[in-house]
Amino acid sequence: MAHILIIEDEPVTRATLASYLDAQGYCVSQAETAEQAEKILEGQEVDLLLVDINLPGKDGLQITREQRAKSEMGIILVTGRDDEIDRIVGLELGADDYVCKPFNRRELLARLKNLLRRTQDIRRLSRRIYKFGKFQFDVAARHLQTAEGDSIPLTRAEFEVLDMLVSRAGEVASRDALMSRVTHRQYGGNPRTVDVLIRRLRSKLEEDPANPRLISTVHGEGYAFTAPLA
């Protein structure tokens, strides 16, 4: 569930928009000022900012500049129809999109969905360290270790399979797709080799390999990484 933070000083607009997005299945937080928004951003992970340019005190352009300097979250500016210069400046400062008041809620929803899809893809590609259960998996370093710092040795093929599963957590990966990631020639092209690699990974990762909780079998389709990532 994506987390959207609405920063809007007009209470009726803010409440109406929050109610609409909540009904669409999003987790929604609200802030009247930049100061309130910053407290939320400090304590929670936010996927997208929907911020009014004309806020009292620190305005939406300042918020955009500050947040873009430290985050790749989506940012949509809400502007008045006569704020063309502010819209241009906002985009130059790093905003991803803008909508004009009064706006069509369905159009806004479409923009939100498209932006969230792009930002989530960017995060997936840029994320290099995954934490799950009692393990930390550093993809760039090809290193798997426990919370206590003990290294878990992985063969090249085991690393490649785990990398694909974790980077697509929650998605089903077919045996063929997993096999295509295994580059070591000794394994040939038999997709059933993946089953052997999965068993070996489970023996290293699962508390009870016979009843796996991290790497699940999706019968007739393949495997999926089903542990929550921190």
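Colleague: Quick one: what's the relative accessibility of Asp96?
Modeller: Asp96 has 31% relative accessibility, so it counts as partly exposed. The cut-offs are under 20% relative accessible area for buried, over 50% for exposed and partly exposed in between, using a 1.4 Å probe and protein chains only.

Colleague: What sort of model is this?
Modeller: It's a predicted model, where local features need pLDDT of at least 70 and side-chain atom pairs count only at pLDDT 80 or more, while totals for chains, interfaces and linings use all residues. Residues are numbered from 1 along each chain as its sequence is written, and side-chain values use heavy atoms, with hydrogens and water left out.

Colleague: OK, back to Asp96. Which residue does it form a salt bridge with?
Modeller: Arg68, with 3.0 Å between the closest N and O atoms. The two sit in distant parts of the chain, 28 residues apart: Asp96 is in the loop between α4 (84–93) and β5 (97–100), and Arg68 is in helix α3 (residues 60–68). A salt bridge here means a side-chain nitrogen of Lys or Arg within 4 Å of a carboxyl oxygen of Asp or Glu. Helices (H or I, at least four residues) and strands (E, at least two) are DSSP runs, numbered from the N terminus.

Colleague: And Arg68, buried or exposed?
Modeller: Buried, at 18% relative accessible area.

Colleague: How many salt bridges are there overall?
Modeller: The structure holds 12. Among them is Arg156 with Glu160, closest N and O atoms 3.3 Å apart. That pair is separated by about one helical turn, because the residues are 4 apart in helix α6 (residues 156–167). Glu160 is buried at 6%, whereas Arg156 is partly exposed at 46%.

Colleague: What about Arg111, which partner does it have?
Modeller: Glu107, with the closest N and O atoms 2.9 Å apart. Both lie in helix α5 (residues 105–126), 4 residues apart, about one turn of the helix. Arg111 is partly exposed at 27%, and Glu107 is partly exposed at 40%.

Colleague: Switching topic: what does UniProt say about Asp52?
Modeller: The unreviewed UniProt entry places "modified residue: 4-aspartylphosphate" there. UniProt positions are in the numbering used here, feature names are shortened, and annotations may be inferred rather than shown by experiment.

Colleague: Where is Asp52, and what does it touch?
Modeller: Asp52 is in strand β3 (residues 48–52) and is buried, at 5% relative accessible area. Leaving out residues up to four places away in sequence, Asp52 touches Ile7, Glu8, Asp9, Gly60, Val78 and Lys101; contact means heavy atoms within 4.5 Å.
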